[in-house]
Amino acid sequence: MISVTTSNLNGIRAAKRKDMYSWVEQNVPDIWAMQEVRAPQDEINPIFDEISAIYASSSRAASMTEPLHTQNEVCRIKGRAGVGLLSALPVMDQRFGLPGLEEDVDSGRWIESDVQTPQGYIVTVVSVYVHAGNVDHPDKMDQKFRFLEAMTGRMRELQETAARGGNQAVLCGDFNIAHTPIDIKNAKANEKSAGFLPEERVYIDTWLNELEYVDVMRDLAGDIQGPYTWWSQRGKAFDNNTGWRIDYQFATPELAQQARGFVIDRAPSYDARWSDHAPLTISYDV
């Protein structure tokens with residue numbers, strides 16, 4: 001089994017202050033995809049070093065053949081976006097960014113790593129942070145749709161590689177889209193809100209139906225309401241479980257068939273949260 005976690009940190013420095021390390025000590029995932037790191041490189045490096053030390057001191061270290069691999073891409077706009085990928089498994093290759101997207105606002109949103117499993121398989125793992133969008137600002141929606149188009153093109157390439165017998169792939173991240181009404185608490189009230197617009201949701205339809213990716217958590221959970229991965233900081237959204245499911249792992253079919261279980265690590269209380277998102281961890285028998 002390997003464990004793959006995706007989590008939006010809502011700022012790695014803030015997450016550290018809110019005791020993210022306690023979660024790391026208890027979980028120590030084999031692969032950890034991060035979004036909204038939102039820090040300069042010189043402040044990310046020491047935090048990654050501290051996380052590496054936690055891995056090295058855990059029982060997990062006995063099965064690690066080499067030190068924790070850490071990589072990230074900082075957004076060129078200060079304090080925005082930023083993605084990271086940490087792997088306790090060997091990393092054979094890595095790639096940054098999406099072809100065709102050169103604007104600063106699109107940076108710090110896409111990392112690929114080719115990771116070798118203990119059995120010798122190579123799996124391409126992606127950490128992705130999709131633009132949130134804002135219906136009151138058409139330029140921000142344009143940015144989101146431009147990114148979704150480029151991402152869909154790259155997902156097609158990854159799926160074609162997997163279908164030819166090459167690397168299987170899993171895309172992990174905050175996609176900022178709730179797919180169907182069971183992925184959002186108040187669907188009717190949000191039909192005109194960014195993140196639940198029909199023209200956004202159709203992209204996930206394309207990934208699942210045309211490109212044949214699998215929404216792994218939904219496949220494991222079945223057609224139940226939620227469970228959610230994000231709750232607004234406003235009001236009593238967390239206490240009332242008024243959430244959205246916007247953090248996903250989309251896997252190519254062969255890898256998705258090896259998924260055995262998932263955990264959404266929702267904090268026990270509002271005060272115990274180290275992010276407004278909960279980590280999503282899926283175990284794969286590869």
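Start by selecting Asn10 in this predicted model: with 18% relative accessibility, Asn10 counts as buried because the cut-off is under 20%. You will find Asn10 in the loop that runs between strand 1 (2–8) and helix 1 (12–17). Now show side chains: that of Asn10 makes a polar contact with the side chain of Arg38, at 3.1 Å. Leaving aside residues up to four places away in sequence, Asn10 also touches Gln35, Glu36, Gln233, Ser275 and Asp276.

Next, turn to the rings. The structure holds 11 aromatic pairs. Select Trp23 and Trp32: their ring centres are 5.2 Å apart and their planes meet at 55 degrees, so this pair is tilted. Trp23 is buried at 6% relative accessibility, and Trp32 is buried too, at 0%.

Then pick Phe175 and Tyr248, an edge-to-face pair with 5.7 Å between centres and 85 degrees between planes. This pair links distant parts of the chain, 73 residues apart: Phe175 is in the loop between strand 8 (168–174) and helix 5 (198–210), and Tyr248 is in strand 12 (residues 247–251). Both are buried.

Now for Arg266. Its charged end sits over the ring of Trp231, 5.0 Å from the centre; Arg266 also lies over the face of Phe238, at 4.0 Å from the ring centre.

Finish with the largest nonpolar core, which has 33 residues. Ile282 is among those with the most contacts inside this core. Beyond its sequence neighbours up to four places away, Ile282 touches residues including Ile2, Val4, Val216, Leu220 and Phe262.

Technical notes:
Residues are numbered from 1 along each chain as its sequence is written. This is a predicted model: local features need pLDDT of at least 70, side-chain atom pairs count only at pLDDT 80 or more; totals for chains, interfaces and linings use all residues. Side-chain values use heavy atoms; hydrogens and water are left out. A nonpolar core is a set of buried Ala, Val, Leu, Ile, Met, Phe, Trp, Tyr and Cys residues joined through side-chain atoms within 4.5 Å. Buried means under 20% relative accessible area, exposed over 50%, partly exposed in between (1.4 Å probe, protein chains only). Contact means heavy atoms within 4.5 Å. Helices (H or I, at least four residues) and strands (E, at least two) are DSSP runs, numbered from the N terminus. A polar contact is a pair of N or O atoms within 3.5 Å; within protein, one must be able to donate a hydrogen and the other to accept it, and residues adjacent in sequence count only if both atoms are side-chain atoms. Rings of Phe, Tyr and Trp (its six-membered ring) pair if their centres lie within 6.5 Å; planes under 30 degrees apart count as stacked, over 60 as edge-to-face and the rest as tilted. A charge sits over a ring if NZ of Lys or CZ of Arg is within 6 Å of the ring centre and within 35 degrees of the ring normal.
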